[in-house]
Amino acid sequence: MGARQLRDHVDARDLVASTSWGVLRVTPPWGGLADIDGLVQQLSHWCQQPLVFQEAPSQRMEVEDDARVQCTVCDLRLAPVGTEVSMPIDLLRHSAPPLLLQGAAIRWPQLAFQVMVASLNEAAIKAAQIEEGGMMLLPHAFQMPWVVRMQSTDGLCALIGHMRLNAGLIDLVQQSHDTAHADQGELLDVDAWRVELARPVVLPLPVVMGWVPGIQSVPVDYSCDLDRPTEFGLSAVLHHVQRDVSVSGMVIPVMSGAALSVRTGNTVW
């Protein structure tokens, strides 16, 4: 399958095609439809339909208002190197791309994830606990597995993981829009207080989507802050969903679980 070359412009830009999941946009740095035929064949195979690419009007046409991912071609067999491809995230969620589009031929984006390791209700925290030197146990850490929620900062993806604090790892379990593991739902409820890791976890999109066999665990950043080089633990932030209360601390191992040790308190209650 390939492009139906409705126009054979030599210097076409912004070539677009409609799919069942939304608009695909291909932007080569030079050339036209004939130069991206290898890429179109792979995209057509992925979408399981012939793709009809057309040059966008001179006034850039607007892409559908959907969540999108942008990647870059690195293999001349597909398209001119540097060709950008913008696609709906729903296509990626529906199925994995052909193997050629998963490898080094395509540079996929890296996604930064905010990791919520615990949530606590109002009654679980007293004013003294959020002052400097305060400490609170993280109940989820004492439940095996320790379920954590990972949300990409751009809002595209959400993951569920199992934290292994002493090993400094999060085992990736699933994308949270899946319905498997529904029995873990009660462990993921978000209460008034949230404990989130201060440093995001950065993952390549192929790992996030589960395209890379054998990669099921990702490391968390245990590097010490410059002003407290002797501390051990994960830098974290405790904040209230509605109140203007936020404190920084360290997630540290305690017995068979973990606690948040507050190091920069907030006396506003």
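Predicted model: local features only at pLDDT ≥ 70, side-chain atom pairs only at ≥ 80, totals over all residues.
The lining of the second largest pocket consists of eight nonpolar, four polar and one charged residue. Of the 269 residues in the chain, 47% are buried. Among contacts with a separation of 6 or more, 64% join residues 24 or more positions apart.

**Second largest pocket**

- The volume of the second largest pocket is about 160 Å³.
- Its lining comprises 13 residues, and those nearest the centre are Met-144, Trp-146, Met-163, Leu-165 and Ser-256.
- Strand S10, which spans residues 158–164, supplies three residues, the largest share of the lining of the second largest pocket.

**Largest pocket**

- The largest pocket has a volume of about 250 Å³.
- Thirteen residues line the largest pocket, with Leu-172, Val-173, Val-207, Val-208 and Gly-210 lying nearest its centre.
- Strand S11 (169–175) and helix H4 (205–208) are the elements that give two or more residues to the lining of the largest pocket.
- Of the contributing elements, S11 gives the most to this lining, namely four residues.
- By residue class, the lining of the largest pocket divides into eight nonpolar, four polar and one charged.

**Aromatic pair Trp-108 and Trp-211**

- One aromatic pair is present in the structure.
- The pair is formed by Trp-108 and Trp-211, whose ring centres are 5.3 Å apart; the planes stand at 70 degrees, which is over the 60-degree cut-off, so the arrangement is edge-to-face.
- Trp-108 is in the loop between strand S6 (106–107) and strand S7 (110–120), while Trp-211 is in the loop between H4 and strand S14 (217–219), so the pair ties together parts 103 residues apart in sequence.
- Trp-108 counts as buried because its relative accessibility is 9%, which is under the 20% limit.
- Trp-211 is likewise buried, with a relative accessible area of 9%.

- Cys-71 is located in strand S4, residues 68–73.
- With a relative accessible area of 3%, Cys-71 is buried.
- The C-alpha atoms of Cys-71 and Glu-84 are 5.9 Å apart, although the two residues are separated by 13 residues along the chain.
- Beyond its neighbours within four places in sequence, Cys-71 is in contact with Thr-83, Glu-84, Val-85, Met-87, Ile-106, Arg-107 and Trp-108.
- Trp-108, one of these contacts of Cys-71, is also a member of the aromatic pair with Trp-211.

- Thr-19 is part of strand S1, which covers residues 15–19.
- Its relative accessibility of 14% places Thr-19 among the buried residues.
- A polar atom of the Thr-19 side chain lies 3.1 Å from the backbone nitrogen of Trp-21.
- A polar atom of the Thr-19 side chain also lies 2.7 Å from the backbone oxygen of Gly-22.
- When neighbours within four places in sequence are left aside, Thr-19 is in contact with Leu-24, Cys-47, Gln-49 and Leu-51.

Key:
Residues numbered from 1 in each chain as written. Heavy atoms only, no water. 1 Å grid on protein atoms, 1.4 Å probe; cavity = no way out; pocket = protein on both sides within 12 Å on 5 of 7 lines; lining within 4 Å. Points joined across faces, edges and corners; volume = space filled by probe spheres on them. Nonpolar A, V, L, I, M, F, W, Y, C, P; charged D, E, K, R; others polar. Phe/Tyr/Trp six-rings, centres within 6.5 Å; stacked < 30°, edge-to-face > 60°. Buried < 20%, exposed > 50% of the residue type's maximum accessible area, 1.4 Å probe, protein only. Polar contact = N/O pair within 3.5 Å; in protein donor to acceptor, adjacent residues only side chain to side chain. Contact = heavy atoms within 4.5 Å.
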